Amino acid sequence: MKTTLLATGLATAVIAGSFAVAPAQAEDSIYVPLFTYRTGPYAGSGIPIANGMEDYFAMLNERDGGIGGVKIDYDECETGYNTQKGVECYESVKAKNPVVITPYSTGITLQVIPKASVDRIPVLSMAYGLSAAAIGKTFPWIFNAPDTYWDGASAIIKDIARREGGLDGLKGKKIGYIFLDAGYGREPIPLLEDLAKKYGFEMTQYPVAGKEMQNQSSQWLNVRRDRPDYMIMWGWGAMNPTAVKEATKIRYSMDKFYGVWWSGGNDDAAAGGMAAKGFRTLNFNGVGKDYPVIQDIKKYVVDAGKSQVEPAKFADNLYNRGVYNAMLIAEGIRSAQEHSGKKVVTAEDVRNGLEVMNLDEKRIADMGMKDFMAPLKMSCEDHNGHGPLYIVEWDGKDWQKSGEWFEPMTDVVQPLLEAAADEYVKSNAPWPERDVPCAK
Amino acid sequence: MLYREAGQFKTTYEADQAIFPLRQDRIGIAVIAALAFVVVPLTATDFFLTSIMTPFLIFALAAIGLNVLTGYAGQLSLGTGAFMGVGAYSAYKLTSIFPDANIIVVLLASGFFSAAIGVAFGLPSLRIKGLYLAVTTLAAQFFLEWCFIRIPWLYNYNASGAIEISQREMAGIVVTGPAAAPLTQYFIVLCVTVGLTWFVSNLIRGRIGRQWMMIRDMDIAAELIGVRPLTAKLSAFAVSSYLCGVAGAMMVFFWLGAAEPSAFAISLSFQVLFMTILGGLGSLIGSYMGAAFIWILPVALRVVLPSLGFDVAAETVQHLTSMIVGALIIFFLITEPHGLARLWQLTKEKLKVWPFPYG
């Protein structure tokens, strides 16, 4: 026992020393840690997003000299989609005064949510994490723009209804739901069950365990037996390409197969190749390269050799999603600068900034993101925005926009969100009352 | 010279049977205790406490738990992660049923649930051994993980399927939840781990521990001299699962704060198994060493590599860490298959005569 603890002590001293000299943040920069995963079973989805986020910040620093003249000091922390490492990342960046945390994993988000109000650091979990966090009154420090999973599920049902000639057309239909059997995949179930009751369709569930993501033949055998009229997928990482491949194998009609936005990676659909033609997912960011912002990233970052992205994967769907996420962070900071009048903003300023953020058509055009995104506005009560979504369709080689932007069923989702927030408060009693005033 | 036993005479049975019969060991343990109880709290940063010390102690306790079963009683188990999960979930349920109960009592009580489950899954060990037993404990791992996902009562019907620990106080001090000071949590984990280590070390030196080792070394011979395999094996399963359960409960309550079922996946079982093997089977010090090696080294590398001036990307650090730790595991297992504890034993032998080559 002696050596161990002695050695531990020694290691302690060494490590403590190295923490003490952790680089002090320069006065004239804003620190944005990015929790990413380029390793592990979810790396396939994690890498394009990480590249997209990094490149957008790199572009802002190169083109505009940062935000409002202040450089962005961004830094990746590798989580491997592992909650243990995520907590470690959170603790290690906390000391460096981050202005916002982006956990990029539902598990890590759940862990960070209660800490956020204590450490007073806003958390931006872009369209993932806890749906109920959209309720600003209960979760003043958490933002999950632009849509919750429940918005997503309701949007898919809405699109199915459109194809069936209205919500009445759903009666008697059978809709299959294949999902990653974890918090992430189970979250939409209450809403789907609710809608099933309301509109008279039948829902069948096909859970896929995390460690059997790459072996879904039994689930798809059941799909073949049940013959659902439509399939909805809530998948991530290696689950997506496997599901697409299995669906093509049983010759499921791909244009009736919907994925949530996190199932919309290019590699996910490409696993089915031409046979996956027609597979569709929800989307809230533009696809392709024809946007001024993507061209700027190409000019300032990719062509200058400062990006890690492979040329063939530049501006694929998840990369653009990363750009969108980075844009939300950057706009939160910009809005914080306007709101507080300071150049170098703090975490509290960014929280206010996100709360008053209003991305209207004009601002979107200024950012070079016309058609890339829909207008988004958050408020003190609404930390989500419930923005419009649209459907992208796989043409065998790439995603193509299919149909126009449309609103999710916010009226159905909102009461559920409020109930879930109340439930969270009850099961996490004593949950702190909101102690920050509304930003105006 | 440094580790001389000469001249230390035992004049009573108590002195002869002390846990640390050597003066050097007593001094060493006092220094370590001073470090753990005084120096670390005074000097450590929050990151050091929450990301290094607290998890290290929790893993050390889990490794001791597995060591009781695998190292002392010779029953191979791959279900450690699930047994930790049982502890975590039962502690969570206990706090939601008895919200005012003392958290330490809840922790120690949750271990009994884990022990009961452990005994149930230990029953096959009376008929099967070795790798076959490993397979049945693997079944326990998968079955329990399935329960954590599929029985919503366990996580209070939470929509996200995770258990989240709310704020609890003990004697007016916040001990769990986000508002708890890392130092408070460190102290609780430290006291529980040290206390249980002391308990186990006495258990192992006594009749029960000797029965375990007899079963491990040769079960037929043990039976012939009157050791009942039923009680010996099942008590090993019970004690082992108890310790793992408490470790699992502490993991969620004092370190992670919330846990999805995947936190108790098979990878956690392997993590603890590697700690036990690398530290040394059948050694309590080894459990601490193994936990330090498997947990602290990667974290330290991740922190130290960038601060040494290597400007490398985050994922490269991750890859480097895996490579270095993997290479070191192979290196240590080749040079000393009996683990770090055996290395320490040899060092002690050498230190006895140092600087002379022969005693």
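This section describes selected elements of chains A and B in a predicted model.

In chain A, seven strands are arranged as an open sheet with the order E6-E5-E7-E8-E9-E12-E13, and their pairing is mixed. Between neighbouring strands the average turn is 25°, direction ignored. Strand E5 (residues 174–180) of chain A pairs with E6(A) in the parallel sense, over seven bridges. Within this pair, A:Ile175 is found opposite A:Met203 of E6(A).

Helix H5 (residues 149–163) of chain A lies across several strands of chain A, among them E5, E7 (230–234), E8 (257–259) and E13. The direction of H5(A) is at about 165° to that of E7(A). The loop between strand E4 (142–143) and H5 of chain A contains A:Pro146. This proline is joined to A:Ala145 by a cis peptide bond, with omega about -5°.

Over all chains, the structure holds 35 salt bridges. One of these is formed by A:Asp435 and A:Arg120, whose closest N and O atoms are 3.4 Å apart. The two residues are 315 residues apart, and the pair links distant parts of the chain. A:Asp435 belongs to the segment after helix H15 (410–427) of chain A, whereas A:Arg120 belongs to the loop between helix H4 (106–119) and strand E3 (123–124) of chain A. A:Arg120 also has a positive phi of about 55°, although this residue is not a glycine.

In chain B, helix packing was examined for two pairs. Helix H2 (residues 23–43) of chain B packs against helix H7 (residues 182–205) of chain B at an angle of about 165°, with the axes 11 Å apart. H2(B) and H7(B) are therefore roughly antiparallel to each other, and the crossing is right-handed. H2(B) contributes B:Ala36, B:Phe37, B:Val40 and B:Pro41 to the contact, and these meet B:Leu183, B:Tyr186, B:Phe187, B:Leu190 and B:Cys191 of H7(B). By class, this contact comprises nine nonpolar residues, with no polar and no charged residues.

The second pair consists of helix H4 (residues 80–97) and helix H10 (residues 229–256) of chain B, whose axes come within 7 Å and cross at roughly 60°. This angle makes H4(B) oblique to H10(B), and H4(B) passes H10(B) in a right-handed crossing. Contacting residues of H4(B) include B:Phe83, B:Gly87, B:Ala88 and B:Ala91, and those of H10(B) include B:Gly245, B:Gly248, B:Ala249 and B:Val252. The contact of H4(B) with H10(B) is made up of 11 nonpolar, six polar and no charged residues.

Chain B also contains a hairpin, formed by E2(B) and E3(B) with two residues between them. Strands E2 (residues 168–170) and E3 (residues 173–176) of chain B run antiparallel and are joined by three bridges. B:Met170 stands opposite B:Ile173 in E3(B), and B:Ala171 in the turn has a positive phi of about 50°. Elsewhere in chain B, a cis peptide bond joins B:Trp354 and B:Pro355, with omega about 10°. B:Pro355 is located in the segment after helix H14 (339–353) of chain B.

Methods. Residues are numbered from 1 along each chain as its sequence is written. Chains are lettered from A and ligands numbered from 1 in the order in which they are written. This is a predicted model: local features need pLDDT of at least 70, side-chain atom pairs count only at pLDDT 80 or more; totals for chains, interfaces and linings use all residues. Side-chain values use heavy atoms; hydrogens and water are left out. Axes are lines fitted to C-alpha atoms, for helices over the stretch in contact, and angles run from 0 to 180 degrees between N-to-C directions. Helices (H or I, at least four residues) and strands (E, at least two) are DSSP runs, numbered from the N terminus. Angles under 35 degrees count as roughly parallel, over 145 as roughly antiparallel, 65 to 115 as roughly perpendicular and the rest as oblique. A crossing is left-handed if the near helix is turned anticlockwise from the far one by less than a right angle, and right-handed if clockwise. Contact means heavy atoms within 4.5 Å. Ala, Val, Leu, Ile, Met, Phe, Trp, Tyr, Cys and Pro count as nonpolar, Asp, Glu, Lys and Arg as charged, and the others, Gly among them, as polar. Two strands pair if DSSP finds at least two bridges between them. A salt bridge is a side-chain nitrogen of Lys or Arg within 4 Å of a carboxyl oxygen of Asp or Glu.
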